[in-house]
Amino acid sequence: MNYPNALQTQQERELELTDICKDILANARNELYLNMRFLDVALSGLVFTPDPAVTPAGTDGMGLYFHSESLANLYRRGREHVNRLYLHSLMHCLFCHMYHKKQRDEQIWNLACDMAVEYMLDHLFLKCIHLPQRIFRREWYRKLEEGNHTLTAEYIYRRLILFGPDRNLLLRLEQEFVRDDHSIWGQSDNPRNPNQEQQKKWNDARERMQTEMETFSKEASDDFKSLEEQVQVENRKRYDYREFLRKFSVLKEEMKVDMDSFDYIFYNYGMNLYGNMPLIEHLETKEEQRVEDFIIVIDTSMSCKGELVQRFLEETYSVLGESESFFRKINIHIIQCDDQVQEDVVIQSHEALKDYMNNFTIRGEGGTDFRPAFAYVEELRQKKQFAKLKGLIYFTDGYGVFPARKPEYETAFVFMKEDYRDVDVPPWAIKLILDADEYLNDQNGHF
């Protein structure tokens with residue numbers, strides 16, 4: 001009679017424990033679905049996979065990897081711990097945290113993601129994931145809530161940089177908020193490395209989740225209000241400012257060789273047939289979409305912070321300085337206005353724009369009223385100050401009186417708000433919200 005050896009017995013026990021852990025995760029998934037039906041698509045987006053290198057579990061956007069022994073020990077503490085771990089990792093996927101690392105400090109970014117997710121889970125008020133909050137956690141929630149911002153991972157990351165805690169405090173925060181393993185996030189040598197298709201899958205799942213939450217919330221309480229707000233913030237389209245400015249461009253010929261219209265076949269044929277006589281040559285002019293006449297209005301009311309205005313101007317300058325986007329001769333009016341027009345500076349060259357940036361000062365700081373700026377622009381149009389005015393960009397916080405009538409040119413209200421909260425604008429205007437995190441000089445900072 002053949003008796004199983006110790007190694008075989010151990011392997012059988014490990015396989016049995018793996019199957020048990022898969023059942024534990026499946027039960028957690030079912031319980032989460034019963035409490036949050038709007039997560040139906042997302043909950044089925046992860047494949048349960050054992051991995052001894054992950055403790056107790058983690059995800060890369062494709063699978064939920066778990067350490068069998070660690071997960072079993074966690075389940076012994078209570079199924080709420082497993083439910084919360086599952087939902088915690090799922091939220092990382094839905095909010096694409098593993099794809100947004102960029103050039104940030106990895107340790108701080110990972111912590112910011114965990115803190116953002118835990119804040120959402122603590123405000124769901126669901127018994128199936130409820131765990132008591134310690135005083136230390138509540139105190140940090142209070143610090144982060146100052147300023148009434150939506151606590152996204154990007155916002156928390158900036159706050160952690162500004163708080164500037166030492167490594168000991170950073171370790172204490174990790175002990176409090178870290179719940180899953182991030183070691184497999186974006187590893188270039190890992191075959192499970194997240195890719196664009198996976199990110200698109202989670203973006204689509206999050207958008208569907210928002211739709212179902214908005215439908216479901218009509219019958220539900222405010223238990224999911226915090227999560228719904230986070231989803232709305234994340235689903236708001238991020239804009240490329242350069243692409244946005246192309247909306248205000250005009251088609252005009254430039255003295256430039258047009259390689260797109262050049263036909264190499266006829267060129268080579270002529271050179272081969274006649275020796276040095278091409279049958280076609282490059283065009284010396286090219287039609288391109290570029291910005292020539294343009295207006296930038298800066299809301300200089302007291303509610304619009306000078307720091308954000310400066311960031312907006314710096315970004316605008318970087319775009320205006322690109323030769324492929326703007327004509328050599330430009331006619332840009334930079335108007336400062338609060339409840340009345342305070343200043344109008346005409347910029348006709350990149351050098352003048354740079355000089356304006358270096359000597360920029362805010363003028364006004366009164367109330368907010370958008371009508372005087374539009375009335376002033378209309379006066380300029382009547383005086384034929386523009387050859388072909390395509391558009392106006394109004395940088396503001398949004399709290400003011402809008403014109404009642406649509407102007408004859410495109411108008412955009414630009415907000416650089418850290419929390420992406422909606423601001424009502426007239427139906428004829430474009431609303432653009434820029435992510436302030438993209439323009440912070442200290443986004444790559446370290447403790």
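## Cavities

On a 1 Å grid over the protein atoms alone, a cavity is a set of points where a 1.4 Å probe fits but cannot get out; lining residues have an atom within 4 Å of a point. Grid points are joined across faces, edges and corners, and a volume is the space filled by probe spheres set on the points. This is a predicted model: local features need pLDDT of at least 70, side-chain atom pairs count only at pLDDT 80 or more, and totals for chains, interfaces and linings use all residues. Residues are numbered from 1 along each chain as its sequence is written, and side-chain values use heavy atoms, with hydrogens and water left out.

The count is 3 cavities of 30 Å³ or more. The largest cavity has a volume of about 60 Å³. Its lining consists of Phe 95, His 97, His 100, Ala 116, Met 120, Thr 152, Ala 153, Glu 154, Gln 230 and Glu 234. Three helices, α5 (106-122), α7 (153-163) and α10 (225-235), each supply at least two residues of that lining. Helices (H or I, at least four residues) and strands (E, at least two) are DSSP runs, numbered from the N terminus. By class, the lining divides into 4 nonpolar, 4 polar and 2 charged residues. Here Ala, Val, Leu, Ile, Met, Phe, Trp, Tyr, Cys and Pro count as nonpolar, Asp, Glu, Lys and Arg as charged, and the others, Gly among them, as polar.

## Chain overview

The chain has 15 helices and 10 strands. Of its 447 residues, 50% count as buried. Buried means under 20% relative accessible area, exposed over 50%, and partly exposed in between (1.4 Å probe, protein chains only). Among contacts (heavy atoms within 4.5 Å) with a separation of 6 or more, 70% join residues 24 or more positions apart.

Helix α1 (residues 6-35) has 30 residues. Its first and last C-alpha atoms are 44 Å apart, close to the 44 Å expected at 1.5 Å a residue. The expected span is 1.5 Å times one less than the number of residues. The buried residues of α1 include Leu 17, Cys 21, Ile 24, Leu 25 and Glu 31. What covers the buried residues of α1 includes α2 (40-43), β1 (47-50), β3 (63-66), α3 (68-77) and α4.

Helix α4 (residues 79-94) has 16 residues and should span 22 Å; its end C-alpha atoms are 22 Å apart, which agrees. Of those 16 residues, 14 are buried, so α4 is largely enclosed by the rest of the structure.

## Nonpolar cores

A nonpolar core is a set of buried Ala, Val, Leu, Ile, Met, Phe, Trp, Tyr and Cys residues joined through side-chain atoms within 4.5 Å. The largest has 69 residues. Those with the most contacts inside this core are Leu 39, Leu 87, Leu 94, Trp 202 and Leu 227. Its largest share, 11 residues, comes from α5. A second, separate core of 22 residues includes Val 309, Ile 332, Met 357 and Leu 434. In soluble globular proteins, nonpolar side chains tend to be buried together.

Leu 94 touches Leu 39, Ala 42, Trp 202, Ala 205, Arg 206 and Met 209, not counting residues up to four places away in sequence.

## Backbone exceptions

Most residues other than glycine have a negative phi, and most peptide bonds are trans. Cys 96 has a positive phi, near 55°. This residue sits in the loop between α4 and α5. Cys 96 counts as buried because its relative accessibility is 0%.

Lys 384 also has a positive phi, near 60°. It is found in the loop between α15 (371-382) and β8 (389-395). At 71% relative accessibility, Lys 384 counts as exposed. A cis peptide bond joins Thr 55 and Pro 56, with omega about -15°. Pro 56 is in the loop between β1 and β2 (57-59).

## Two helix-end residues

Leu 245 is found in helix α11 (residues 241-245). Its relative accessibility is 2%, so Leu 245 counts as buried.

Glu 145 lies in helix α6 (residues 135-145). Glu 145 is partly exposed, with a relative accessible area of 35%. It touches Tyr 119, His 123 and Leu 151, not counting residues up to four places away in sequence. Glu 145 and Ile 156 are 11 residues apart in sequence and 9.8 Å apart in space, C-alpha to C-alpha.

Key: 1 Å grid on protein atoms, 1.4 Å probe; cavity = no way out; pocket = protein on both sides within 12 Å on 5 of 7 lines; lining within 4 Å.
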